[in-house]
Amino acid sequence: MELSVQQVIDYIEERRKMYENHDFFAQLLDDESLSGDKRLSWGPTVIPFIMGYSDLNKYVFRKSEGEAELDPLQELLNAHTYEEDFHWQWMLTDLEKLQADRTMPLSDSARILWGADFQHSRRLCMELAALAVGAPTYAVFAMVEAIEAVSVTIFTHCRGIALQDGRECEFFGTKHYLAEASHSIKSPEVERASLPTLDDTQREESRKMVDRVFSLFDDWSRALLRFALEHDEHDRKYKRIIQESKDLLQLCSD
């Protein structure tokens, strides 16, 4: 029996609705009793994933023009990777708004970004890369569609969150939500297009890919929630991470 890729997209929507019940939304993003700064305090910890996802688009999901011309799904994937090219710059702008931007030596920045507190975002990127490398195009397409479903869900809940100074973030806010919601991979033209058919084996592989992606993001979102609830001031947190790294270096040197 052959089934359209559209039916995999429908399955992704089922999983997205399940993901929307995650505690990350109920206990943090949607909790208006918390300040906007608290609700978005996890923001800096996603730097490794957002920057890594930019590289995934460039070096893993995107293929040569010649390959894309022979595969309509790869053509869609390629177009999507270019649309994602500059979203990470909004995140860097938001670090100042979140009062998470600090001037520090490059070595200290590395201690923070590669420290234990940010490991959930580094690991997520590597897990996705491992899943994508060598996977057939239909499975990678299912992966990217699932990631985008997670993304648009998160930024739907980020819309309208005002920080202490009254501003709204760009990456963690309405601007990014509108960009995610308007991607061509979700356009009516794509939905009406004659997408490839999948046999039973391909459909099952695609569904397993979708399940794995949502499982990874469930764990990641749980780590974001835990981080946000356990930590407050960014400057104090950075100092702790840096000092722990230096203490470990000294211990190893003794």
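Is Arg16 buried or exposed, at a relative accessibility of 15%? The legends below, drawn from a predicted model, take up this residue in the first view.

**Figure 1. Salt bridge between Glu13 and Arg16 in helix α1.** The closest N and O atoms of Glu13 and Arg16 are 3.0 Å apart, and the two side chains form a salt bridge. Both residues belong to helix α1 (residues 5-19), where they stand 3 residues apart and are therefore separated by about one helical turn. Arg16 counts as buried because its relative accessibility, 15%, falls under 20%. Glu13, with 31% relative accessibility, counts as partly exposed. A network of salt bridges links Glu13, Arg16 and Glu20. A search of the whole structure returns 17 salt bridges.

**Figure 2. Salt bridges of Glu127 with Arg123 and Arg212.** Glu127 meets Arg123 in a salt bridge with an N to O distance of 3.3 Å. These two residues lie 4 residues apart in helix α9 (residues 119-132), so about one helical turn separates them. Arg123 is exposed, its relative accessibility being 56%. A salt bridge also joins Glu127 to Arg212, with the closest N and O atoms 3.5 Å apart. This second pair connects distant parts of the chain, since Arg212 lies in helix α13 (residues 200-230) and Glu127 in helix α9, 85 residues apart. Arg212 has a relative accessible area of 34% and is partly exposed.

**Figure 3. Packing of helix α6 against helix α10.** The axes of α6 (residues 72-83) and α10 (residues 137-158) are 9 Å apart, and the helices pack at an angle of about 35°. The crossing of α6 past α10 is left-handed. On the α6 side, the contact comprises Leu73, Gln74, Leu76, Leu77 and His80. Their counterparts in α10 are Thr137, Tyr138, Val140, Phe141, Val144 and Glu148. Sorted by class, the residues in this contact are 7 nonpolar, 3 polar and 1 charged.

**Figure 4. Aromatic pairs, including Tyr53 with Phe61.** The whole structure contains 13 aromatic pairs according to the search. In the pair of Tyr53 and Phe61, the ring centres are 6.0 Å apart and the planes meet at 65°, so the arrangement is edge-to-face. Tyr53 and Phe61 are both buried. The rings of Phe155 and Phe171 are likewise edge-to-face, because their planes lie at 85° with the centres 5.3 Å apart. Phe155 is located in helix α10 and Phe171 in the loop between α10 and α11 (174-181), so this pair ties together parts 16 residues apart in sequence. Both Phe155 and Phe171 are buried.

**Figure 5. Aromatic cluster containing Phe155, Phe171 and Phe214.** Ring pairs join Tyr19, Phe24, Phe25, Trp42, Phe155, Phe171, Phe172 and Phe214 into a cluster. One of these cluster members, Phe214, is also in contact with Arg15, the subject of the next view.

Figure 6. When neighbours within four places in sequence are left aside, Arg15 is in contact with Val210, Asp211, Phe214 and Asp218.

Conventions: Residues are numbered from 1 along each chain as its sequence is written. This is a predicted model: local features need pLDDT of at least 70, side-chain atom pairs count only at pLDDT 80 or more; totals for chains, interfaces and linings use all residues. Side-chain values use heavy atoms; hydrogens and water are left out. A salt bridge is a side-chain nitrogen of Lys or Arg within 4 Å of a carboxyl oxygen of Asp or Glu. Buried means under 20% relative accessible area, exposed over 50%, partly exposed in between (1.4 Å probe, protein chains only). Axes are lines fitted to C-alpha atoms, for helices over the stretch in contact, and angles run from 0 to 180 degrees between N-to-C directions. A crossing is left-handed if the near helix is turned anticlockwise from the far one by less than a right angle, and right-handed if clockwise. Contact means heavy atoms within 4.5 Å. Ala, Val, Leu, Ile, Met, Phe, Trp, Tyr, Cys and Pro count as nonpolar, Asp, Glu, Lys and Arg as charged, and the others, Gly among them, as polar. Rings of Phe, Tyr and Trp (its six-membered ring) pair if their centres lie within 6.5 Å; planes under 30 degrees apart count as stacked, over 60 as edge-to-face and the rest as tilted.
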